[in-house]
Structure formats: structure tokens, C-alpha cells
Amino acid sequence: MKLTVNNELLEIFKDILNRNLTITEWSEIESCDEFQTDNFCGGFDSTEMEFCFSYYDNNKTEYWFQKSLNEIKDIANGELTEFPIRLAE
């Protein structure tokens with residue numbers, strides 16, 4: 001399944017970028033649920049060294065995805081408008 005980037009996700013990613021932190025700084029303040037909205041919940045995972053998120057669709061089915069800081073920049077810049085997600089295990 002693919003997730004189309006929407007304003008809800010863009011706001012989260014812009015918040016991440018506006019903090020202007022390095023990967024090392026993110027790993028020091030690791031939090032798995034720092035970013036929570038109606039359909040998304042996630043944060044930085046220092047084991048994966050990426051941002052890991054759950055996405056809940058209209059039926060409240062949970063999906064997972066993770067993005068690097070560079071991928072988040074690409075999405076926020078409009079270079080990537082959709083990406084694959086996987087059903088939560």
C-alpha cells in the first residue's frame with residue numbers, strides 16, 4: 001500500500017525540520033511518540049536511526065513506515081508525494 005503525503009504529515013515533517021537538529025541530537029532525545037496527530041504517531045528511533053511512525057487509516061487500521069532525515073526533507077520539499085507503507089505486525 002502507498003501513502004499519499006497530506007497536510008497532516010507535512011506539518012509533522014516541517015516541525016522536525018524546523019528544529020534543525022542533527023541525527024546525533026535526535027538520538028539523544030529519542031521519543032517513539034513525540035509527534036501525535038489524528039492519524040499519525042511517531043518519533044525518532046535511535047536503533048533504526050530514523051523516524052518511525054504509525055499511520056491509522058479511516059478504518060483505524062494501523063500501518064508502519066520509517067523515514068530518514070533526508071527523506072523527510074525530500075517530502076517536505078515536494079520531491080516525494082507518496083511512498084510505501086506496511087501493515088503493522
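1. In this predicted model, the N-terminal end of helix H1 is capped by Asn 6. A side-chain oxygen of Asn 6 lies 3.2 Å from the backbone nitrogen of Glu 8.

2. Helix H1 comprises twelve residues, 7-18.

3. The buried residues of H1 include Leu 9, Leu 10, Ile 12, Phe 13 and Ile 16. They cover an arc of only 160° around the axis, which means that they lie on the same side of H1. An α-helix has 3.6 residues a turn, so residues three or four places apart point the same way.

4. The face of H1 turned away from this buried side carries Asn 7, Glu 11 and Asn 18, which are exposed.

5. Most residues other than glycine have a negative phi. Just after H1, however, Asn 20 adopts a positive phi of about 55°.

6. Met 49, which is not a glycine, likewise has a positive phi, of about 60°. Met 49 belongs to the loop between strand S3 (40-45) and strand S4 (50-56). With a relative accessible area of 36%, Met 49 is partly exposed.

7. Lys 60 is a further residue other than glycine with a positive phi, here near 65°. The loop between S4 and strand S5 (62-67) contains Lys 60. Its relative accessible area is 56%; because exposed means over 50%, Lys 60 is classed as exposed.

Technical notes. Residues numbered from 1 in each chain as written. Predicted model: local features only at pLDDT ≥ 70, side-chain atom pairs only at ≥ 80, totals over all residues. Heavy atoms only, no water. Helix = DSSP H or I, 4+ residues; strand = E, 2+ residues; numbered from the N terminus. Expected span 1.5 Å × (residues − 1). Buried < 20%, exposed > 50% of the residue type's maximum accessible area, 1.4 Å probe, protein only. Arc of directions from axis to C-beta. Polar contact = N/O pair within 3.5 Å; in protein donor to acceptor, adjacent residues only side chain to side chain.
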